[in-house]
Structures are given as C-alpha cells and as structure tokens.
Amino acid sequence: MPGSIEAGPAVEGRPAEVPVEINQKWCKGCDICVAFCPKEVLARPEGGKAQVAHPEKCTRCGLCEIMCPDLAIVVVPAARKGTSSRGQGGAADA
Amino acid sequence: MAMPVTHYLRTSKMPHIWCAGCGHGIVLGAVLRAIDSLGLDKDEVCVVSGIGCASRAPGYLDFNTLHTTHGRAIAFATGIKMAKPELKVIVLTGDGDAAAIGGNHLIHAARRNIGITTVCFNNSIYGMTSGQYSPMTPTGSLASTAPYGNIEEPFDLCDLVYAAGASYVARGTAYHALLLSKLIAKAIATEGFSFVEAITQCPTYYGRRNNMRSAVDMLKWQKEHAVPVAAAAKMSAEELVGKFRIGELGTRTRPEYTRRYAAVIETAQKEEAEQDA
C-alpha cells in the first residue's frame, strides 16, 4: 500500500500509552527529536538515548519520525495500540 | 501520520555508520517516503551510489542496489537505465561525488535527459575523509584543507544541472524533510533526468569547524537560511545574499534519452527488414 507523505492532522482523543517507539539499538542520541518535538514529549538523559518522557502530551504529528536521522523512531497510529505492523524497526520488536 | 520506512531497510545492516546527528539519515528517510508515496514495488527500483558518506546509503536498502566507484554512480546508472528502461533508477550521491569527481557524468546525464533521478546529499564537505572542502563548500568556511577559510565559490548545483538540460530540478533540506520527500517523489515521477539537491548537515567535520556546535544548530541554520521559491521571487538580490532557494527550481519537457534510443533501434531494424525483403 502506498503511503502518504503528509504529516497529517494530530489524532484527537487520548493517546495510546506509548505513542512513540524508539529503537534503542539504532538511536545515537543526537537530540534532534528532543529539540524539535513541538510538545516536549521526548527527553534524553546525559549520555543516553532518546526516551518518551511525556507520552500524554504527544499529538502523533510524526515530526520526530521524519526527522530522526537514525530511522529509529516510529509514531504509532492510535488504532495500532503499541505494536508495529510494519516490522523490524520499532522498540516493541527490539 | 508519516509512514514508517523500516520495511525498505535491510535491518540486519542497521544501525547505519553515519555519525550522531548526520542529516544523511533524514534525507534517506525522505527518499524512502517518496518511493512509498509512489507505491513502487521494490523490484521496480534500482538505487546506485558512488563513494562517500552519502554513497553508503544503498547498503541499507532492500531494493536492487549498486555501490560503485567514486563519481561514477551516474555512469553505472546510465548503463542500467539503457538496459532496463522500465526501472526507476535512483542515484544517491554526495556533493563531492556528484560535483567534483563525477561532475562530468552529472552534466552529461542532464544534457542527454536520461530518465535517472539523482539525489545529491549536500553537506558542504568531504566527510568520510575528515573534512576537506568540496566544490559545494561555502566561501569562507573552514575545512581541513582550508584552515584560513575557503577562497573558492561553490557551484549553484541546481542551476548547473538545469542549464545542462535536466527535466526537473529542485532543492530541499533535511530540516524541511516533508517538502524534500515531495520533491523527490516528483523527481522520480519525472520521465527525463531529474535532480534534487538535499542540503544536509555534517556536524562532525563541517559544523564543529564552522561555529555550529550540534546537529540541532545546523538544522536551525537550514531553517533560517532557506527561502521558498515563491517568497524568493518577491525578494531583491540583496535580501537573498547568504540565503538559498528551496522548492521546484526548474521543470521542462524534453524527449527522454532511452526513448530516443529505442526509436533508433526501431528505425534501424525496419531498414534492415526492408533490405532483407
């Protein structure tokens, strides 16, 4: 199925528990997702990898996913509830 | 919602070798989202690269892929496109690979208008070999081979390729990753030679030497210095000093090379058949 390259509207309603999957094996801790997340959902401990610090603030805008240079982030659509149907990249599979 | 692109990756080869904060991964993601948006089958796509950091990209991709010699990606891609014109042939190259050693292949592919899409990851430096200046390094920038500042002027690579005859020329940045995806998708959908310059960041060998301490600083620089073409059209030359245009910079319709070549084959075979009759 071809996808869309639109960022898309933010999903209304209560986000799933972990709206953003971060593959800890691929993340190099560059801080780009932390710096550009418009809702300050993400954080990175000193010397560590990116973490989902405030999942409740996430609007699933997808910016972290498209700006992650390590291709380590997948924003989970609300309907998927925390599992990655497309495979090997997500933290859920790590 | 942005589409995950992990299904296009050879995940066993990940994580990639690029430095923390290197923009190449963002550009690669934009390429993959462009391919996804066009609904292309993996077997319809052939990705070709030369040498350099950007040219490592095909090694992570689950398409037909070819990692070739320095500057020669477009030459190899030309052979592939001639043999299999039905393939979407995409060259992933860096600024040094495309504009220096491969500069002639680039302009002649544009002149022929062969149906290849070239995405140039322009990080303004030779990153893999530790930061020598390239033909795309801005004037005054510090590099390992320009410790007092680069005295050369960079190409406007988009203007160069368009002047040489390309059908589609556009520029985006890693910061404007969504726009970049859309530009690459239009480039791939173009029948003739298409070229997208992707301004990207090398925090390790360009940023640190040039007062940009982090990848985040470099992305902010891209945001602040990029001007959409529509806005640029209303600005004076003075206002545009130090800025660069992003968006579609040139489109034209010209006969595509492999189609012309197919017509030659048809004509020759017809003449031969008539002589035999």
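**Reading the two chains**

Tutor: Gladly! Let us begin with chain A, whose elements, from the N terminus on, follow the order β-α-β-β-α-β. That gives 2 helices and 4 strands. Keep in mind that this is a predicted model.

Student: How much of chain A is buried?

Tutor: Of its 94 residues, 44% count as buried.

Student: Which residue pairs make up 56% of the contacts in chain A with a separation of 6 or more?

Tutor: Those 56% come from residues 24 or more positions apart.

Student: What makes L71(A) buried?

Tutor: Its relative accessible area is 5%, and the limit for buried is under 20%, so L71(A) is called buried. You will find L71(A) in the loop between α2 (63-67) and β4 (73-75) of chain A.

Student: Now for chain B. Which elements does it contain?

Tutor: Chain B has 10 helices and 10 strands.

Student: Why is chain B called as compact as a globular protein of its length?

Tutor: Its radius of gyration is 19 Å, and the globule rule gives 19 Å for 277 residues; the two values are close, so chain B is as compact as a globular protein of that length. Along the principal axes, its C-alpha trace spans about 75 × 45 × 40 Å.

Student: What share of the contacts in chain B join residues at least 24 apart?

Tutor: Among contacts between residues at least 6 apart in sequence, the share is 68%.

Student: How do you know whether T200(B) is buried or exposed?

Tutor: Compare its value with the cut-off. T200(B) has a relative accessible area of 5%, and buried means under 20%, so T200(B) is buried. T200(B) sits in the loop between β8 (194-199) and α7 (203-207). Residues it touches include G23(B), H24(B), F121(B) and Q222(B).

Student: And why does N150(B) count as buried?

Tutor: Its relative accessibility is 3%, and the limit is under 20%, so N150(B) counts as buried. N150(B) belongs to the loop between β6 (132-133) and α5 (157-164). Among its contacts are Y133(B), T137(B) and S141(B).

Student: What makes N211(B) exposed?

Tutor: At 77% relative accessible area, N211(B) passes the cut-off of over 50%, so the word is exposed. N211(B) lies in the loop between α7 and α8 (215-225). The phi of N211(B) is near 60°, a positive value in a residue other than glycine.

Student: Why is R254(B) called partly exposed?

Tutor: Partly exposed covers what falls between buried, under 20%, and exposed, over 50%. R254(B) has 27%, so R254(B) is partly exposed. R254(B) is in the loop between β10 (244-251) and α10 (257-276).

Student: Which backbone oxygens does the side chain of R254(B) approach?

Tutor: One is the backbone oxygen of R111(B), reached at 2.8 Å. Another is that of G165(B), 2.5 Å from a polar atom of the R254(B) side chain.

Student: What makes the peptide bond from M14(B) to P15(B) cis?

Tutor: Its omega is near 0°. Most peptide bonds are trans. P15(B) is placed in the segment before α1 (24-37) of chain B.

How values were computed:
Residues numbered from 1 in each chain as written. Chains lettered and ligands numbered in written order. Predicted model: local features only at pLDDT ≥ 70, side-chain atom pairs only at ≥ 80, totals over all residues. Heavy atoms only, no water. Rg over C-alpha atoms; globule rule 2.2 N^0.38 Å. Contact = heavy atoms within 4.5 Å. Buried < 20%, exposed > 50% of the residue type's maximum accessible area, 1.4 Å probe, protein only. Polar contact = N/O pair within 3.5 Å; in protein donor to acceptor, adjacent residues only side chain to side chain. Lists of a residue's contacts leave out its neighbours within four places in sequence.
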